[in-house]
Amino acid sequence: MANMLALNTVYNHYLTSYSRGTVSKYDAHKKSELRNVYNSMVRLNKEAPLYLLDTSKESHAFAIGVKEGARELHHVIASLGGLDEKELLSKKAAFSSNENIISAQYVGAASADTEIPSYEVEVRSLASPQVNLGSFLPADSLEIPLDTYSFDVNIHNTNYEFQYKITEGDTNKSVQEKLARLISNAGIGIDAEVETDGDLSALRLTSVATGVPIGREDLFTISDTHSSKASGSVDYFGIGQITRPAANAEVLINGQSRSISSNHFVLEKTYELTLNGISPMEGQTATVSVKDDTESLGENINKLVNGYNSFIDFAFRNKGRRTKNADLLKEMRGIASVYKDGLNYMGLSIQDNGSIALNTDTYTRSLEDGDAKHTINMMRDFADSLFRKAGQISLNPMQYIDNTMVAYKNPAKKHFVTPYITSPYSGMMFNSYC
C-alpha cells in the first residue's frame, strides 16, 4: 500500500508540475508502434556508453520538459497528417461562419477524395453542469458542535468520503473555505468555491461534467447518513440539495433537433465542435464547413510554425548550468537551416534564437503562387524532419542534461542489452519518494 501511495504521489506531482499538454488520440498506439519504440530503445541501450548523470531537480525538470515539449510538437505535426508522409500538411481545415455561436475543427481523414459535407447549426441552449448552492450563513459565527465530521460524495457511481474537523475558533466561512479546498483539490470532478452576500457566505459545488446522465437525475449526490464520523454538517451547510440540475445542449443540425450532453462533441466523425453561445435569433444558424486547399495549407503551415516556436521557446527559456539546452537549440536550428531558402521564399525567416518569424505579405503571396509546388514539398520535408526529431528527443531526453562519460563499450565484444540509458528518465521521478 505504501508503494502504491508513493506511486500516486509521483504521478500527481508529474502531472501538476511538468506535464504541459492534455491527452491526445496520438497518445494511443498500435502494438506494432509500441514494438518499434521498444526496438529503438534496445538499439540505443546496446551501444550507449556508460554515463554519470546529473541528478539535480533542475536537470529533472528540464528532461521532463523536453520530453513533454517534443511530445506536443509530435502531436501537432501528427494532427497535420504527419503519420503519413504523403498526406503531411494536407489536413483539411474547418471554419465556422459565426465563432460566437460555434467553433469547429476538422477531425476526419487527412485528405478525402469525396466531398466533405457542411452543416447548418442553430444553438438553442448550452449544456450546463449540476450546481448545489449551500445555505447562506453568517460568515463570522458558527452554530454546529465542534467535532470530526464526514460526508460521502457519489459521482459516476463511485463513493468518496471526506473527513474534516471543526475546532475552536472556526467560523462558517472558514469551514466553508476548508471544504472548498478539500473538494476541489480531490480532483473527483467537482469544483467548489465560497460565495458571499454581505455578511453571509455559502458553499457552491459545481460539477465539471455537463448534461443529463443516462438513467439518473443527478451528476453527483452528497450525504452523511452513513458517514463514519459525526453527521449533520451536510444539512447545516445545505450542500445536499440540487439548486440547478444539469441540462443537455439543444441544437438543430441541418434542421434536425439533437440533445447533446456536452458543449464539446464530434459530429459524424468529421468535425469537432465547441458550442460557444446561443443563436441570437430563432432560425439563425452558423455554417460549419472546410476551407479550400490553399487556406487549409496556410493554416497547417501556421500550426506547424507555432508548434516549432513553442518548443524553441521552452528550450531558450530553460538555460541552466546542468542542462544542454544549447545543444538542443543547435540541433533544431540545424534542421531549420537546411530549408532556409524555401522558408525565406514563403516569408518564414529563422531568428537568432532559432524561432521562425512570419512575414504575412510574403507568406500570402507564396501561397497564391501557382508555381509553389516545390516549396510546398519543401515544407513537407521540413515538417517530416521535425517529426522524426521530436520522436528521437522523446525517446531519450536524458541526452540534454549534464553527464560525465565513464567508459565506452568495447566494440570488439558482443554487448547485451541494458536498460541503463533510458531508465534514469523514469527512475528520477521516484527519487526521494521510494
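This is a predicted model: local features need pLDDT of at least 70, side-chain atom pairs count only at pLDDT 80 or more; totals for chains, interfaces and linings use all residues.
Beyond its neighbours within four places in sequence, Phe 382 contacts Leu 304, Tyr 308, Ile 335, Ala 336, Tyr 339, Leu 343 and Ile 356. In soluble globular proteins, nonpolar side chains tend to be buried together.

Helix H4 covers residues 172–186, and its end C-alpha atoms are 21 Å apart. This agrees with expectation, because 15 residues at 1.5 Å a residue should span 21 Å. Within H4, the buried residues are Asn 172, Val 175, Gln 176, Leu 179, Ala 180 and Ile 183. Viewed down the helix axis, these buried residues fall within an arc of 145° and therefore line one face of H4. An α-helix has 3.6 residues a turn, so residues three or four places apart point the same way. The packing partners of the buried residues of H4 are strand S6 (137–138), strand S7 (147–155), strand S8 (158–166), strand S9 (190–197), strand S10 (200–207) and helix H5 (233–237). Gly 187 follows H4 and has a positive phi, near 65°.

The model contains 8 aromatic pairs. One of them, formed by Phe 151 and Tyr 164, is edge-to-face, with 6.2 Å centre to centre and 65° between the planes. Because Phe 151 lies in strand S7 and Tyr 164 in strand S8, this pair ties together parts that are 13 residues apart in sequence. Phe 151 and Tyr 164 are both buried. Ring pairs also link Tyr 149, Phe 151, Phe 162 and Tyr 164 into a cluster.

Ser 135 is located in the loop between strand S5 (131–133) and S6. Its relative accessibility is 31%, so Ser 135 counts as partly exposed. Residues up to four places away in sequence aside, Ser 135 touches Gln 176, Ser 201, Ala 202, Tyr 236, Phe 237 and Gly 238. Ser 201 is 66 residues from Ser 135 in sequence, while their C-alpha atoms are 7.9 Å apart in space.

Note on methods:
Residues are numbered from 1 along each chain as its sequence is written. Side-chain values use heavy atoms; hydrogens and water are left out. Contact means heavy atoms within 4.5 Å. Helices (H or I, at least four residues) and strands (E, at least two) are DSSP runs, numbered from the N terminus. The expected span of a helix is 1.5 Å times one less than its number of residues. Buried means under 20% relative accessible area, exposed over 50%, partly exposed in between (1.4 Å probe, protein chains only). The arc is that of the directions from the helix axis to the C-beta atoms. Rings of Phe, Tyr and Trp (its six-membered ring) pair if their centres lie within 6.5 Å; planes under 30 degrees apart count as stacked, over 60 as edge-to-face and the rest as tilted.
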